[in-house]
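Have the sequence and the 3D view open as you go.

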Amino acid sequence: MAEEFWRWKEYNWHDPDMDPAAADVISAGVDVGSVSSQAVVMLDGKLFAFSNMRTGSDSPQSAHKAIDWALEDTGLGLDDLHFTVGTGYGRVNVPFAKKAITEIACHARGANFMYGPTVRTVLDMGGQDCKAIHCDEKGKVTAFLMNDKCAAGTGRGMEVMADLLSVPIEDVGAMSLDVEDEPEPVSSTCVVFAKSEASGLLRQGWPKNRVLAAYCAAMAHRVVSLLERIGVETEFAITGGIAKNPGVVTRLEQELEIEALKPETDTQIAGAVGAALFARALYAKQQKSA
Amino acid sequence: MITAGIDVGAKTIKVVLLADGQPVVQKIASAGLDTRSALDRVVADAVAAADGLERDDIDFVVSTGAGRQDVPFADDQVTEVTAAARGARSLYPNARTVIDVGAEEGRAVRCNEAGGVEDFAVNEKCAAGAGTFTEAMARALEVDLEELGRMSLRSTQAVPMNAQCTVFAESEVVSLLHAKTPKEDISRAVHDAMASRVTSMVRKVGFQKDVVLVGGLAKNAGFVDSLQRGLETEILVPDTAEFVGALGAALIAAERAGEGR
Amino acid sequence: MLANYGYTDGSGEYFITVDTDRCIECAERPCAPACPAGVLEVIEDDYGDEVCAVTEAHRKQIKYSCAPCKPADGWSTLPCLEACPNEGALSHSW
């Protein structure tokens, strides 16, 4: 397993101890988001390989790059995949996928795989959206709420703040927790206005850590409101890039008074994992009716 | 009798001085980082611009705008809705719908025959609903605001804009530029998107002629054009569009001073 | 499943909720054609059920799409809600 997955660097990984030749079904899921893309390859429903990279300006290219990178050094090529499901913001842009499934369904299924059948509430904060999902023990969606209209509560919103303060995004969380006491959260929901507000705080002499704390607190609070709209049932799990930001995660756990399940795999691949699992099931169905 | 209307907006402060109900001076200044001193300066400028006037000659001050509470010397305050309606009616006696789009807020006001406010709808706390949106897009296109407006009128093709958020729209503009979309067409898409949000607010209050557009965004020819197309009706735009709120406040000041308040 | 379509932004919370378990029972789905703005459509969801949903184009601007049916002085009924035969299958949060 790749170490330091909590750093947002692009990387790929595969399990050197698994043998694709011994697998019955090789399924793949490709999640093309507006900010990042992931490809996951599974052998009989077990995680074999994945890639996590920044989406370029050309979505179909991103899908190819992601799968090629995931398959690198595995001895497998695109033609060896029995079934591929595409998902994400650009899910219609996975040209080699046999089917497209919504990111909601894929995230629920992926979270079920990554965190186990006790997961009931999944929070996903992606590059340009934020989703709250309820699922059952099989990873089937029972309720969902997605916000992809507004940058607040998304990775992009966090990037705007990181840019303003010239802080690398992967350092935001730790820095925001390095404060003597919790400041009042930034009052503007809107990222554009929050940026002005943050500039004002900097001019007043606030250190960067404190400004980040105020912003992470506001983001956590906003996410809690989103979750409360459909309710939070344990177990609770977080996927997507923001799961790697302890500044938001810690604060949101505090406000909810619930601890999120700890991830063991890269939280950004959840959508692609779910897609790969759907792919396996769809392949089996296809074979049955053949 | 000298009265003053002060409209403290998110971006600019507007001052209108009336002498016996007639406008004599209008001044605008950037609200800047220190609103209090900007306020003092713009009022001083306004007074200086009126021949023979002293600061103490002002009999009554009414403030309006997002920062109306921050005018310590104001005798009274009115909401932007009231001020915009009053100001627009003074310029257009048959105004029934007043659309006011500023830097951070947009509002639509419907008036009855007598000019009283019947209904209003406000778009606030979201940058995409106000002038901040066009400013951000102008930056992304690397043109100034005036040029952005003019460019829009030279567009030859409608291009869809999917993003409804200023932050995402900026990324979308960058993508469109990468795809070699002409800046004129992008500019039109920006103004059409903005106008469609404002139009929906106007439809919430139900519009009736005369429709008047006031506020900072009224100076943007591209926006006015998009709004006219969106509402499919004639829109009246005063030359002093930015000052209409302050004018309304100053007129209300004259009324209230007369009442001995 | 409770499908919430819409968003929260600085100006408020705007969601149309489809209770797909109730939606499945309906044969004709009169809600979709009843909407003057074309906000609703019938889709096959990820689990193979035919249900109503807010179209992709409208999800990000639902506040603006529904504005004509929601005058500033308040609303008591909407064409989509009137058309829906299963109470609770369709609801608006604002």
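## The sheet of chain B

Chain B holds an open sheet of 5 strands, in the order β3-β2-β1-β4-β5, and its pairing is mixed. Two strands sit at the edges: β3 (22–30) and β5 (76–77) of chain B. Each of these edge strands pairs on one side only. Keep in mind that the model is predicted.

Strand β4 of chain B, residues 58–64, runs parallel to β5(B), and the two share 2 bridges. Start from B:Ser63: the bridge partner of B:Ser63 in β5(B) is B:Gln77. In general, strands of a sheet pair through backbone hydrogen bonds, either parallel or antiparallel.

## The build of chain A

Turn to chain A. The secondary structure of chain A comprises 8 helices and 10 strands. Its radius of gyration is 19 Å, close to the 19 Å given by the globule rule for 290 residues, so chain A is as compact as a globular protein of that length. The C-alpha trace of chain A spans about 65 × 35 × 35 Å along its principal axes.

## Where chain C meets chain A

How many residues does each chain bring to the contact of chain C and chain A? Chain C brings 17 residues and chain A brings 23 residues. The size of an interface is often given as the accessible area lost when the parts come together. Here chain C and chain A bury about 1700 Å² between them, with 52% of it on carbon and sulfur atoms. Three residues stand out: C:Asp46, C:Tyr47 and C:Lys60 supply 34% of the area that chain C buries against chain A, more than any other three residues.

A strand pairing also crosses between the chains. Strand β9 of chain A (residues 141–147) pairs with β1(C) in the parallel sense, over 3 bridges. Look for A:Phe144, whose bridge partner in β1(C) is C:Ala3.

## Polar links and the face of chain C

Between chain C and chain A the count is 2 salt bridges. One of them joins A:Arg229 to C:Glu13, with the closest N and O atoms 2.5 Å apart. Across the interface of chain C and chain A there are also 9 residue pairs in polar contact, both residues at pLDDT 80 or more.

On the side of chain C that touches chain A, β1 (2–9) and β2 (12–19) of chain C each supply at least two residues. β1(C) gives the most to this side, with 8 residues. By type, the residues of this side of chain C are 7 nonpolar, 5 polar and 5 charged.

Terms used: Residues numbered from 1 in each chain as written. Chains lettered and ligands numbered in written order. Predicted model: local features only at pLDDT ≥ 70, side-chain atom pairs only at ≥ 80, totals over all residues. Heavy atoms only, no water. Contact = heavy atoms within 4.5 Å. Buried area = accessible area lost by both parts, 1.4 Å probe. Salt bridge = Lys/Arg side-chain N within 4 Å of Asp/Glu carboxyl O. Polar contact = N/O pair within 3.5 Å; in protein donor to acceptor, adjacent residues only side chain to side chain. Helix = DSSP H or I, 4+ residues; strand = E, 2+ residues; numbered from the N terminus. Nonpolar A, V, L, I, M, F, W, Y, C, P; charged D, E, K, R; others polar. Pairing = 2+ DSSP bridges. Rg over C-alpha atoms; globule rule 2.2 N^0.38 Å.
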